[in-house]
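Biologist: I would like to learn how to read a few features of a structure like this one. Could we go through them together?

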Amino acid sequence: MFDKDEYFDEMILKLEDTFSLLYKVGILSVFLIGMMKFVLSPNDLFVLYDVILLLVLIVILIKGPSISMKRKVIYTCSILAFSGLFSYLVYGIEGTGFGVLFIANITAGIFASRKYFNWIFLTSILGLSVIMAYRELHIVIHHSPLSIYFFQMVMLIICIQVLRIAVYALRNSLVENIVELDNKLEENKFILHELKQQNLEIKVNEEEIYQLAYYDQLTGLPMKNLFKRNVEERLSIVENATMLLVDIKDFKLLNSVYGSQIGDELLKIAGDVINTIDSPLLYACRISGNDFGFWYESNDIALIEKHLNQLLLEFNVRARKIFMYNKVQFYMSYVQYPCDGESYIDLYNKAVIALNYSKASKKAELLQFTHEMESALHEENHLKDLIEDAIQRRAFDVSYQEQYDSINNRVIGIEALARWHSEELGHVSPVEFIPIITKYQLIGSFERLIIGKVFSDYPRIIEKYGEVSIGINISPEHIILPQFVKYFEDAILLYRINPSLITLEITEEVIINGMDKVRSILDRLKNIGLKISLDDFGTGYSSLNYLSKIPFDEIKIDKTFIDEIEDKRVQTILKAVIEIKKSYNIQVIAEGVETTSQLKILQELGCPLIQGYLFSKPKPLKELEL
Ligand code: C2E
Ligand code: CA
Ligand code: CA
């Protein structure tokens with residue numbers, strides 16, 4: 001670090017030499033000049049010189065401290081040169097006395113603090129007065145060599161003293177500057193250190209931000225944006241490649257039935273399996289939710305499928321360790337580069353179309369994108385337009401199917417089923433239009449239309465059957481809409497319906513919306529007096545788990561179960577369900593009963609309530625009334 005005192009000492013030592021030299025030279029020169037030249041002729045220029053000197057001093061007194069360093073140097077040098085030249089030209093070597101005085105003031109004015117400058121200024125005025133007095137005296141005493149010599153000596157001593165003070169001021173000012181610079185240097189060093197530290201932190205943060213922006217925290221897999229970037233880079237390099245999309249089938253339902261923790265675990269397993277298995281796979285990512293993307297740089301689909309199956313197998317092995325479930329299935333689609341598309345976005349969009357296609361067809365197998373799928377999408381859009389129009393025109397009808405008590409041989413209920421006869425497409429099955437209605441969020445207006453029709457048919461149904469219950473199918477997507485319960489309350493009042501005769505048929509998919517939420521909605525519906533039926537039991541996950549959590553009044557065993565009723569395992573499950581009926585006081589009804597042998601087994605198992613073609617098909621109200 002800079003040592004101020006040491007610097008001072010050195011400076012003073014150096015200056016002391018200069019001063020003594022100046023003293024010696026000055027004294028010697030004035031002595032010699034004084035000896036040689038006894039006469040000084042007064043001159044007008046001398047007066048002008050005094051005036052300039054005074055003016056410059058005053059300007060410097062005012063402006064001094066604010067002049068920049070560069071200018072200070074330039075000013076000093078030019079004044080130095082000018083005054084030196086002037087003094088010499090006018091007075092010869094003797095004039096340097098004035099020059100020294102002058103220069104001292106200039107330097108002090110420029111470099112010194114105001115305090116120093118005032119000092120020097122006063123001394124110089126004094127010095128000048130002495131010089132003036134000397135001139136006047138000179139005229140009086142005329143050519144007295146001794147007096148000239150004496151005054152010259154006095155003048156020189158004053159000049160040198162002034163110079164001494166000026167140089168000290170200069171020194172101080174320089175030292176101050178150096179100290180300041182040194183402090184600044186220290187400060188800068190500190191700032192530099194800080195900056196380095198911050199730079200390091202920024203690098204760490206950047207890494208973190210990169211991780212957050214491009215990697216999925218749960219699975220550790222890259223996210224879609226990084227996948228896109230990587231694939232786009234590769235597109236210009238590779239000759240052919242395959243993009244795959246994989247979706248865990250019924251993931252939302254698994255999440256609801258087994259809890260989101262299991263869902264997260266499954267995603268983690270997917271990430272682990274993808275990350276650890278050695279493969280020809282180049283990039284993989286978590287696209288979103290339960291969708292994954294893969295990029296293989298090969299068009300050998302047999303090889304890719306083999307690898308994919310290996311992944312899925314490993315996934316299921318690990319999944320089975322965390323939850324009791326037979327087998328998780330996957331929807332899978334793929335597109336090939338360059339034949340299916342040449343840009344990332346084109347490939348991705350087509351893979352999505354193929355994936356949606358396989359989701360819609362509920363087929364858990366690897367599907368390649370085809371142009372038929374694209375046209376199917378267009379058809380679907382057209383169908384959606386027709387449905388929208390039909391809803392607006394209230395062009396949907398309702399058919400009714402009876403439900404029988406096969407022991408007492410009487411109708412115990414009626415299920416309302418939507419029917420649509422389109423002018424363009426003819427009869428369209430609900431199996432076709434309900435999924436479209438749900439997909440395009442038309443379900444609210446559609447089901448309100450059906451409910452309205454059923455409620456207005458209600459008096460005629462009662463007239464025919466007496467007070468039987470009426471089953472109305474409600475989509476999981478509809479039941480959770482905020483206005484649903486209120487709508488029902490209002491409709492019941494409007495049509496003066498006995499709510500205990502209305503059964504809302506919902507499928508277990510409703511739990512996708514979260515057990516608690518669904519429970520609270522169902523509780524409110526039950527408070528109004530409505531009955532709740534669990535439809536299509538046996539098609540989905542059929543976890544008996546939620547039967548205890550949700551207060552169903554009825555279970556409808558699906559046709560797929562009834563179709564396999566000869567199978568002893570199916571019978572065991574049915575027995576278990578029928579046992580539940582006893583403990584929870586739930587009514588169990590079998591759907592899609594078509595044969596007497598099915599009916600016989602059902603009766604033996606203790607399930608005499610049935611709905612199916614064996615007894616009656618769904619019919620329009622008019623036919624029913626006949
Ligand atoms: P679902 O609620 O399970 O209705 C029973 C379906 O099985 C009806 O088909 C019915 O016609 C059919 N069915 C009844 N007995 C038999 C039988 O013995 N053999 C055979 N093969 N089939 C039988 P449908 O009318 O085609 O309705 C299909 C599905 O569409 C319904 O299944 C229901 O999920 C849905 N759906 C119908 N109307 C509505 C509605 O208004 N709203 C909602 N959300 N869904 C509806
Ligand atoms: Ca139903
Ligand atoms: Ca059903």
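Biologist: Let me begin with accessibility: is Asp-536 buried, partly exposed or exposed?

Modeller: Happy to start there, and please keep in mind that this is a predicted model. The idea is to compare the relative accessible area with two cut-offs: under 20% is buried, over 50% is exposed, and the range between is partly exposed. Asp-536 has a relative accessible area of 28%, so this residue is partly exposed. Glu-591, at 12% relative accessibility, counts as buried.

Biologist: Now a side chain in a helix. Is Phe-227 buried or exposed, and which residues does Phe-227 contact?

Modeller: Read the accessibility, then list the partners beyond the sequence neighbours. Phe-227 sits in helix H7 (residues 224-235) and is buried, with a relative accessible area of 1%. Leaving aside neighbours within four places in sequence, the contacts of Phe-227 include Met-243, Tyr-283, Phe-294, Trp-295 and Tyr-344. Take Tyr-283: this residue is 56 residues from Phe-227 in sequence, yet the C-alpha atoms are 6.9 Å apart.

Biologist: And strands? Which strands pair with S6?

Modeller: With strands, ask who the partners are, in which sense they run and how many bridges join them. S6 and S7 (residues 410-422) run antiparallel, joined by 10 bridges; for example, Glu-402 has Ile-414 as its bridge partner in S7. Their hairpin has four residues between the strands, and Asn-409 takes a positive phi near 55° there. S6 is also joined antiparallel to S15 (residues 619-620) by two bridges, with Ser-399 partnered by Pro-620. Strand S14 (residues 609-611) pairs with S6 over two bridges, again in the antiparallel sense, and Asp-405 has Leu-609 as its partner.

Biologist: Why is S6 described as largely enclosed?

Modeller: Because nine of the 10 residues of S6 (residues 396-405) are buried, this strand is largely enclosed by the rest of the structure.

Notes: Residues are numbered from 1 along each chain as its sequence is written. Chains are lettered from A and ligands numbered from 1 in the order in which they are written. This is a predicted model: local features need pLDDT of at least 70, side-chain atom pairs count only at pLDDT 80 or more; totals for chains, interfaces and linings use all residues. Side-chain values use heavy atoms; hydrogens and water are left out. Buried means under 20% relative accessible area, exposed over 50%, partly exposed in between (1.4 Å probe, protein chains only). Contact means heavy atoms within 4.5 Å. Two strands pair if DSSP finds at least two bridges between them.
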